[in-house]
Amino acid sequence: MTQELVYLDHNATTPPKPEVCEIMLQTLKFPGNASAIHKAGREARRGIEAARQQVSRLVNAGPKAVIIFTSGATEANNLVLKGSGCERILASATEHPSVLKARPDIETIPVLPGGIIDLAALDRMLEGNDRATLISVMLVNNETGVIQPLDKVMEIAKRRGALVHTDAVQAAGRLPIDLQKLGVDYLTLTAHKIGGPQGTGCLVLSNCVSVTPLLSGGSQEKNMRAGTENVAGILGFGVAAELAARDMTAFRKLAALRDRIETELKKIAPAIRFFGADAPRVANTTLFALPGASSETQLIALDLAGICVSGGSACASGTVKASHVLKAMGVSDADAGAALRVSLGWNSTEKEVDYFISKWSEMYNRVKSRLSAA
Ligand code: PLP
(Lines give C-alpha, C1' and ligand atoms only; values in the text may rest on other atoms or scores of the structure.)
Protein backbone atom coordinates (compact mmCIF):
# COMPACT_ATOMS: atom_id res chain seq x y z
CA MET A 1 0.00 0.00 0.00
CA THR A 2 1.45 3.38 -0.95
CA GLN A 3 1.76 6.29 1.42
CA GLU A 4 -0.43 8.56 -0.71
CA LEU A 5 -3.58 6.48 -0.25
CA VAL A 6 -6.28 7.85 1.99
CA TYR A 7 -7.50 4.60 3.43
CA LEU A 8 -11.03 4.84 4.84
CA ASP A 9 -12.09 1.20 4.55
CA HIS A 10 -11.17 -0.11 7.98
CA ASN A 11 -14.22 -2.36 8.28
CA ALA A 12 -12.87 -4.33 5.31
CA THR A 13 -9.45 -4.59 6.91
CA THR A 14 -7.43 -2.26 9.07
CA PRO A 15 -3.65 -1.88 8.72
CA PRO A 16 -1.57 -3.90 11.18
CA LYS A 17 -0.15 -1.83 14.02
CA PRO A 18 3.66 -1.40 14.16
CA GLU A 19 3.99 -3.54 17.31
CA VAL A 20 2.10 -6.34 15.50
CA CYS A 21 4.48 -6.21 12.53
CA GLU A 22 7.43 -6.28 14.92
CA ILE A 23 6.37 -9.43 16.80
CA MET A 24 5.40 -11.17 13.57
CA LEU A 25 8.72 -10.41 11.92
CA GLN A 26 10.62 -11.69 14.95
CA THR A 27 8.50 -14.86 14.97
CA LEU A 28 8.87 -15.46 11.23
CA LYS A 29 12.63 -15.24 11.58
CA PHE A 30 12.68 -17.91 14.27
CA PRO A 31 9.91 -20.36 13.52
CA GLY A 32 9.06 -23.31 15.69
CA ASN A 33 6.32 -25.89 15.30
CA ALA A 34 4.28 -25.59 18.48
CA SER A 35 3.74 -29.37 18.54
CA ALA A 36 7.48 -30.08 18.68
CA ILE A 37 8.97 -30.86 22.06
CA HIS A 38 12.33 -29.20 21.49
CA LYS A 39 13.17 -25.65 22.59
CA ALA A 40 11.98 -23.96 19.37
CA GLY A 41 8.67 -25.83 19.64
CA ARG A 42 8.28 -24.94 23.29
CA GLU A 43 8.94 -21.26 22.52
CA ALA A 44 6.26 -21.32 19.81
CA ARG A 45 3.82 -23.01 22.21
CA ARG A 46 4.55 -20.46 24.91
CA GLY A 47 3.90 -17.63 22.44
CA ILE A 48 0.60 -19.15 21.34
CA GLU A 49 -0.60 -19.64 24.91
CA ALA A 50 0.34 -16.04 25.80
CA ALA A 51 -1.61 -14.84 22.73
CA ARG A 52 -4.60 -16.93 23.83
CA GLN A 53 -4.57 -15.05 27.14
CA GLN A 54 -4.32 -11.68 25.38
CA VAL A 55 -7.30 -12.50 23.14
CA SER A 56 -9.21 -13.88 26.13
CA ARG A 57 -8.69 -10.62 28.05
CA LEU A 58 -10.00 -8.51 25.14
CA VAL A 59 -13.42 -10.15 25.50
CA ASN A 60 -13.19 -11.11 29.19
CA ALA A 61 -13.70 -14.74 28.21
CA GLY A 62 -12.85 -16.04 31.70
CA PRO A 63 -11.02 -19.17 32.80
CA LYS A 64 -13.61 -21.69 31.57
CA ALA A 65 -13.66 -20.49 27.96
CA VAL A 66 -11.83 -22.37 25.22
CA ILE A 67 -10.27 -20.32 22.40
CA ILE A 68 -9.67 -22.12 19.11
CA PHE A 69 -7.41 -20.29 16.69
CA THR A 70 -8.54 -20.47 13.07
CA SER A 71 -7.64 -18.91 9.72
CA GLY A 72 -10.06 -16.05 10.37
CA ALA A 73 -13.68 -15.30 11.08
CA THR A 74 -15.01 -17.07 8.00
CA GLU A 75 -13.59 -20.33 9.28
CA ALA A 76 -14.70 -19.67 12.86
CA ASN A 77 -18.26 -18.93 11.71
CA ASN A 78 -18.33 -22.07 9.57
CA LEU A 79 -16.88 -24.10 12.41
CA VAL A 80 -19.64 -23.19 14.81
CA LEU A 81 -22.53 -23.24 12.37
CA LYS A 82 -21.53 -26.62 10.95
CA GLY A 83 -20.05 -28.11 14.10
CA SER A 84 -22.24 -27.04 17.03
CA GLY A 85 -24.45 -30.11 16.66
CA CYS A 86 -27.57 -27.93 16.47
CA GLU A 87 -30.27 -29.04 14.04
CA ARG A 88 -31.78 -25.61 13.58
CA ILE A 89 -29.87 -22.40 12.87
CA LEU A 90 -31.51 -18.99 13.03
CA ALA A 91 -29.39 -16.09 11.82
CA SER A 92 -30.22 -12.43 11.42
CA ALA A 93 -30.75 -11.34 7.82
CA THR A 94 -27.86 -8.86 8.07
CA GLU A 95 -25.18 -11.39 9.04
CA HIS A 96 -21.93 -11.64 7.09
CA PRO A 97 -22.05 -14.16 4.20
CA SER A 98 -19.71 -16.45 6.17
CA VAL A 99 -22.70 -17.03 8.47
CA LEU A 100 -25.55 -16.84 5.98
CA LYS A 101 -23.88 -19.20 3.50
CA ALA A 102 -22.41 -21.63 6.02
CA ARG A 103 -25.42 -23.94 5.74
CA PRO A 104 -28.20 -24.25 3.19
CA ASP A 105 -30.90 -24.64 5.87
CA ILE A 106 -30.38 -21.36 7.76
CA GLU A 107 -33.59 -19.56 8.73
CA THR A 108 -33.20 -15.78 8.64
CA ILE A 109 -34.48 -13.52 11.38
CA PRO A 110 -35.77 -10.25 9.91
CA VAL A 111 -34.43 -6.86 10.94
CA LEU A 112 -36.35 -3.61 11.42
CA PRO A 113 -35.75 -0.71 9.00
CA GLY A 114 -33.12 0.80 11.34
CA GLY A 115 -31.07 -2.41 11.11
CA ILE A 116 -31.86 -3.79 14.57
CA ILE A 117 -32.98 -7.40 14.78
CA ASP A 118 -36.75 -7.95 15.07
CA LEU A 119 -36.84 -9.50 18.54
CA ALA A 120 -40.56 -10.24 18.41
CA ALA A 121 -40.05 -12.17 15.18
CA LEU A 122 -37.20 -14.15 16.76
CA ASP A 123 -39.40 -15.02 19.70
CA ARG A 124 -42.18 -16.19 17.38
CA MET A 125 -39.74 -18.32 15.37
CA LEU A 126 -38.87 -20.18 18.57
CA GLU A 127 -42.46 -20.76 19.72
CA GLY A 128 -42.99 -24.47 20.51
CA ASN A 129 -39.45 -25.23 19.28
CA ASP A 130 -38.20 -28.60 20.49
CA ARG A 131 -35.13 -28.97 18.27
CA ALA A 132 -31.56 -28.17 19.31
CA THR A 133 -31.23 -24.59 18.03
CA LEU A 134 -28.43 -22.09 17.57
CA ILE A 135 -29.15 -18.39 17.12
CA SER A 136 -26.43 -16.42 15.33
CA VAL A 137 -26.60 -12.65 15.71
CA MET A 138 -23.62 -10.39 15.11
CA LEU A 139 -22.71 -7.84 17.76
CA VAL A 140 -21.95 -5.10 15.22
CA ASN A 141 -22.83 -4.99 11.53
CA ASN A 142 -19.93 -4.51 9.15
CA GLU A 143 -21.83 -2.29 6.70
CA THR A 144 -23.87 -0.02 8.97
CA GLY A 145 -21.97 -0.26 12.27
CA VAL A 146 -25.31 -0.93 14.01
CA ILE A 147 -24.98 -2.59 17.42
CA GLN A 148 -27.40 -5.47 18.04
CA PRO A 149 -29.13 -5.86 21.43
CA LEU A 150 -27.42 -9.15 22.28
CA ASP A 151 -28.64 -9.00 25.89
CA LYS A 152 -32.24 -9.15 24.63
CA VAL A 153 -31.40 -11.97 22.22
CA MET A 154 -29.94 -13.83 25.23
CA GLU A 155 -33.13 -13.36 27.26
CA ILE A 156 -35.19 -14.92 24.46
CA ALA A 157 -32.67 -17.71 23.88
CA LYS A 158 -32.60 -18.66 27.56
CA ARG A 159 -36.38 -18.70 27.79
CA ARG A 160 -36.67 -20.78 24.60
CA GLY A 161 -33.71 -23.07 25.35
CA ALA A 162 -31.51 -22.09 22.38
CA LEU A 163 -27.74 -21.58 22.18
CA VAL A 164 -26.32 -18.27 20.93
CA HIS A 165 -23.37 -17.43 18.70
CA THR A 166 -22.20 -13.90 18.02
CA ASP A 167 -19.87 -12.74 15.27
CA ALA A 168 -18.06 -10.01 17.20
CA VAL A 169 -15.56 -9.22 14.45
CA GLN A 170 -16.66 -5.59 14.05
CA ALA A 171 -17.24 -5.04 17.76
CA ALA A 172 -13.84 -6.03 19.12
CA GLY A 173 -11.72 -3.05 20.11
CA ARG A 174 -14.67 -0.77 19.40
CA LEU A 175 -16.97 -1.68 22.27
CA PRO A 176 -16.12 -3.25 25.59
CA ILE A 177 -17.05 -6.96 25.30
CA ASP A 178 -17.63 -8.97 28.46
CA LEU A 179 -18.30 -12.52 27.35
CA GLN A 180 -18.93 -13.73 30.88
CA LYS A 181 -21.64 -11.12 31.42
CA LEU A 182 -23.05 -11.45 27.92
CA GLY A 183 -23.36 -15.21 28.37
CA VAL A 184 -23.28 -16.19 24.68
CA ASP A 185 -22.09 -19.73 23.96
CA TYR A 186 -19.83 -18.96 20.99
CA LEU A 187 -18.06 -15.82 19.83
CA THR A 188 -16.08 -15.16 16.64
CA LEU A 189 -13.14 -12.76 16.27
CA THR A 190 -10.65 -11.97 13.53
CA ALA A 191 -7.26 -10.30 13.85
CA HIS A 192 -7.30 -8.11 10.75
CA LYS A 193 -10.14 -5.89 11.96
CA ILE A 194 -8.26 -4.92 15.12
CA GLY A 195 -4.82 -4.09 13.75
CA GLY A 196 -3.59 -7.67 13.51
CA PRO A 197 -2.73 -9.78 10.47
CA GLN A 198 -5.10 -11.16 7.85
CA GLY A 199 -5.62 -14.92 7.97
CA THR A 200 -5.90 -15.38 11.75
CA GLY A 201 -8.98 -15.46 13.92
CA CYS A 202 -10.65 -17.56 16.55
CA LEU A 203 -13.80 -19.11 17.85
CA VAL A 204 -14.35 -18.68 21.58
CA LEU A 205 -16.39 -21.39 23.27
CA SER A 206 -17.79 -20.44 26.68
CA ASN A 207 -19.10 -22.97 29.15
CA CYS A 208 -16.59 -25.63 28.02
CA VAL A 209 -18.66 -26.68 25.02
CA SER A 210 -16.96 -28.28 22.03
CA VAL A 211 -17.50 -28.30 18.26
CA THR A 212 -17.01 -30.94 15.58
CA PRO A 213 -13.92 -29.99 13.56
CA LEU A 214 -14.14 -28.97 9.92
CA LEU A 215 -10.74 -30.44 9.10
CA SER A 216 -9.29 -33.89 9.70
CA GLY A 217 -5.66 -34.39 10.60
CA GLY A 218 -3.66 -33.37 13.65
CA SER A 219 -4.91 -32.86 17.18
CA GLN A 220 -4.07 -29.14 17.38
CA GLU A 221 -6.35 -26.72 19.17
CA LYS A 222 -7.84 -29.38 21.45
CA ASN A 223 -8.72 -31.57 18.48
CA MET A 224 -11.00 -28.88 17.07
CA ARG A 225 -8.75 -27.36 14.39
CA ALA A 226 -6.23 -29.63 12.72
CA GLY A 227 -3.14 -28.12 11.09
CA THR A 228 0.13 -26.54 12.20
CA GLU A 229 -0.68 -23.33 14.00
CA ASN A 230 0.04 -20.01 12.26
CA VAL A 231 2.47 -18.99 15.00
CA ALA A 232 3.42 -15.56 13.65
CA GLY A 233 -0.23 -14.75 12.87
CA ILE A 234 -1.43 -15.86 16.30
CA LEU A 235 1.26 -13.87 18.11
CA GLY A 236 0.34 -10.84 15.98
CA PHE A 237 -3.31 -11.40 16.89
CA GLY A 238 -2.39 -11.50 20.59
CA VAL A 239 -0.52 -8.20 20.44
CA ALA A 240 -3.32 -6.63 18.37
CA ALA A 241 -5.87 -7.76 20.99
CA GLU A 242 -3.88 -6.20 23.80
CA LEU A 243 -3.48 -2.93 21.87
CA ALA A 244 -7.16 -2.90 20.87
CA ALA A 245 -8.16 -3.06 24.54
CA ARG A 246 -5.68 -0.29 25.39
CA ASP A 247 -6.75 1.95 22.49
CA MET A 248 -10.52 1.57 22.81
CA THR A 249 -11.11 5.05 24.27
CA ALA A 250 -9.16 6.61 21.39
CA PHE A 251 -11.15 4.53 18.91
CA ARG A 252 -14.44 5.74 20.33
CA LYS A 253 -13.33 9.36 19.75
CA LEU A 254 -13.53 8.64 16.00
CA ALA A 255 -17.24 9.35 16.38
CA ALA A 256 -16.44 13.08 16.14
CA LEU A 257 -14.79 12.58 12.72
CA ARG A 258 -17.56 10.28 11.53
CA ASP A 259 -20.20 12.80 12.62
CA ARG A 260 -18.30 15.54 10.81
CA ILE A 261 -18.46 13.53 7.58
CA GLU A 262 -22.22 13.10 8.00
CA THR A 263 -22.85 16.76 8.84
CA GLU A 264 -20.76 18.07 5.96
CA LEU A 265 -22.15 15.65 3.37
CA LYS A 266 -25.67 16.54 4.42
CA LYS A 267 -24.86 20.24 3.92
CA ILE A 268 -23.41 19.53 0.46
CA ALA A 269 -26.19 17.16 -0.64
CA PRO A 270 -29.41 17.53 1.41
CA ALA A 271 -30.94 14.48 -0.36
CA ILE A 272 -28.33 12.13 1.09
CA ARG A 273 -29.61 9.24 3.26
CA PHE A 274 -27.69 7.71 6.14
CA PHE A 275 -28.46 4.10 7.03
CA GLY A 276 -28.70 2.83 10.60
CA ALA A 277 -27.91 6.31 11.90
CA ASP A 278 -30.83 6.30 14.37
CA ALA A 279 -29.73 3.02 15.97
CA PRO A 280 -26.81 2.64 18.39
CA ARG A 281 -23.69 2.44 16.21
CA VAL A 282 -19.96 1.99 16.63
CA ALA A 283 -17.92 5.17 16.33
CA ASN A 284 -16.15 4.67 13.03
CA THR A 285 -18.76 3.70 10.45
CA THR A 286 -21.08 5.63 8.18
CA LEU A 287 -23.10 4.12 5.35
CA PHE A 288 -25.02 6.46 3.09
CA ALA A 289 -26.60 6.78 -0.32
CA LEU A 290 -26.89 9.68 -2.66
CA PRO A 291 -30.00 8.67 -4.62
CA GLY A 292 -29.23 8.61 -8.32
CA ALA A 293 -25.42 8.39 -8.04
CA SER A 294 -24.34 4.76 -8.30
CA SER A 295 -21.88 3.30 -5.81
CA GLU A 296 -19.61 2.47 -8.71
CA THR A 297 -19.52 6.09 -9.98
CA GLN A 298 -18.66 7.34 -6.51
CA LEU A 299 -16.09 4.62 -5.87
CA ILE A 300 -14.31 5.26 -9.15
CA ALA A 301 -14.25 9.05 -8.65
CA LEU A 302 -12.86 8.64 -5.14
CA ASP A 303 -10.40 5.95 -6.19
CA LEU A 304 -8.99 8.31 -8.81
CA ALA A 305 -8.40 10.78 -5.98
CA GLY A 306 -6.54 8.07 -4.01
CA ILE A 307 -9.36 7.46 -1.55
CA CYS A 308 -10.27 3.89 -0.55
CA VAL A 309 -13.87 3.44 0.62
CA SER A 310 -16.37 0.71 -0.04
CA GLY A 311 -19.69 0.30 -1.80
CA GLY A 312 -21.32 -1.03 1.34
CA SER A 313 -20.83 -4.70 0.68
CA ALA A 314 -17.58 -6.13 -0.55
CA CYS A 315 -16.95 -6.10 -4.27
CA ALA A 316 -17.14 -9.58 -5.80
CA SER A 317 -15.19 -10.14 -9.01
CA GLY A 318 -14.74 -6.43 -9.53
CA THR A 319 -18.44 -5.58 -9.46
CA VAL A 320 -20.40 -3.88 -6.71
CA LYS A 321 -23.39 -5.97 -5.64
CA ALA A 322 -26.40 -4.37 -3.97
CA SER A 323 -26.05 -4.99 -0.27
CA HIS A 324 -28.12 -7.79 1.30
CA VAL A 325 -27.94 -5.79 4.54
CA LEU A 326 -29.69 -2.79 3.01
CA LYS A 327 -32.21 -5.02 1.28
CA ALA A 328 -33.00 -6.65 4.63
CA MET A 329 -33.53 -3.14 6.04
CA GLY A 330 -36.13 -2.50 3.37
CA VAL A 331 -34.00 -0.11 1.30
CA SER A 332 -34.90 0.03 -2.40
CA ASP A 333 -32.54 -1.52 -4.95
CA ALA A 334 -31.93 1.94 -6.39
CA ASP A 335 -30.81 3.39 -3.04
CA ALA A 336 -28.84 0.25 -2.13
CA GLY A 337 -27.04 0.59 -5.46
CA ALA A 338 -26.01 4.13 -4.51
CA ALA A 339 -24.54 3.22 -1.12
CA LEU A 340 -21.09 4.13 0.04
CA ARG A 341 -19.42 3.08 3.29
CA VAL A 342 -16.70 5.08 4.99
CA SER A 343 -15.08 3.31 7.90
CA LEU A 344 -12.40 5.01 9.97
CA GLY A 345 -9.67 3.32 11.97
CA TRP A 346 -6.85 3.62 14.45
CA ASN A 347 -4.65 5.72 12.14
CA SER A 348 -7.37 7.88 10.52
CA THR A 349 -6.76 11.62 10.70
CA GLU A 350 -8.78 14.81 10.49
CA LYS A 351 -6.78 15.75 7.38
CA GLU A 352 -7.86 12.54 5.62
CA VAL A 353 -11.48 13.16 6.53
CA ASP A 354 -11.30 16.73 5.18
CA TYR A 355 -9.71 15.47 1.98
CA PHE A 356 -12.48 12.88 1.59
CA ILE A 357 -15.17 15.54 2.12
CA SER A 358 -13.61 17.86 -0.46
CA LYS A 359 -13.23 15.11 -3.09
CA TRP A 360 -16.76 13.82 -2.48
CA SER A 361 -18.02 17.37 -2.84
CA GLU A 362 -16.18 17.72 -6.20
CA MET A 363 -17.71 14.44 -7.34
CA TYR A 364 -21.15 15.64 -6.24
CA ASN A 365 -20.79 18.90 -8.19
CA ARG A 366 -19.95 16.93 -11.32
CA VAL A 367 -22.98 14.62 -11.05
CA LYS A 368 -25.43 17.12 -9.49
CA SER A 369 -27.00 18.31 -12.74
CA ARG A 370 -27.65 14.72 -13.77
CA LEU A 371 -29.21 13.94 -10.39
CA SER A 372 -31.67 16.82 -10.54
CA ALA A 373 -32.55 15.93 -14.13
CA ALA A 374 -33.27 12.30 -13.15
N1 PLP B 1 -17.75 -11.39 9.88
C2 PLP B 1 -17.79 -10.07 9.70
C3 PLP B 1 -18.84 -9.27 10.39
C4 PLP B 1 -16.87 -9.44 8.85
O5 PLP B 1 -16.91 -8.12 8.68
C6 PLP B 1 -15.90 -10.24 8.20
C7 PLP B 1 -14.92 -9.64 7.28
O8 PLP B 1 -15.24 -8.90 6.36
C9 PLP B 1 -15.90 -11.62 8.42
C10 PLP B 1 -16.84 -12.16 9.26
C11 PLP B 1 -14.91 -12.52 7.74
O12 PLP B 1 -13.66 -12.39 8.36
P13 PLP B 1 -12.34 -13.04 7.77
O14 PLP B 1 -11.86 -12.11 6.72
O15 PLP B 1 -11.39 -13.10 8.95
O16 PLP B 1 -12.66 -14.38 7.28
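## Ground rules

Numbering starts at 1 along each chain as its sequence is written, and side-chain values use heavy atoms, with hydrogens and water left out. Since this is a predicted model, local features need pLDDT of at least 70 and side-chain atom pairs count only at pLDDT 80 or more, while totals for chains, interfaces and linings use all residues.

## Salt bridges within helices

Searching the whole structure turns up 23 salt bridges (a side-chain nitrogen of Lys or Arg within 4 Å of a carboxyl oxygen of Asp or Glu). One of them ties glutamate 49 to arginine 52, with 2.8 Å between the closest N and O atoms. Both residues sit in helix H2 (residues 39-58), three residues apart, or about one turn of the helix. Helices here are DSSP runs of H or I with at least four residues, strands are E runs of at least two, and both are numbered from the N terminus. Arginine 52 is buried at 15% relative accessible area, whereas glutamate 49 is partly exposed at 30%. For those labels, buried means under 20% relative accessible area, exposed over 50%, and partly exposed in between (1.4 Å probe, protein chains only).

Helix H11 (residues 254-268) holds another such pair: glutamate 264 and lysine 267 are three residues apart, about one helical turn. Their side chains meet in a salt bridge at 3.1 Å, N to O. Lysine 267 is exposed, at 58%, and glutamate 264 is partly exposed, at 26%. As for networks, salt bridges with shared partners link Arg45, Glu49, Arg52, Glu221 and Glu229 into one.

## Arginine 103 and aspartate 105

Here the salt bridge has an N to O distance of 3.0 Å. Arginine 103 counts as buried with 15% relative accessibility, while aspartate 105 is partly exposed with 38%.

## Strand E3, covered on both sides

Strand E3 (residues 88-92) has five of its five residues buried, so the rest of the structure largely encloses it. In a regular strand, side chains alternate between the two faces of the sheet. On one side of E3 are Arg88, Leu90 and Ser92, on the other Ile89 and Ala91, and all are buried.

E3 runs parallel to strand E5 (residues 133-136), joined by four bridges, and parallel to strand E4 (residues 107-109), joined by three. Strands pair if DSSP finds at least two bridges between them. Alanine 91 has a bridge partner in each neighbor: serine 136 in E5 and threonine 108 in E4.
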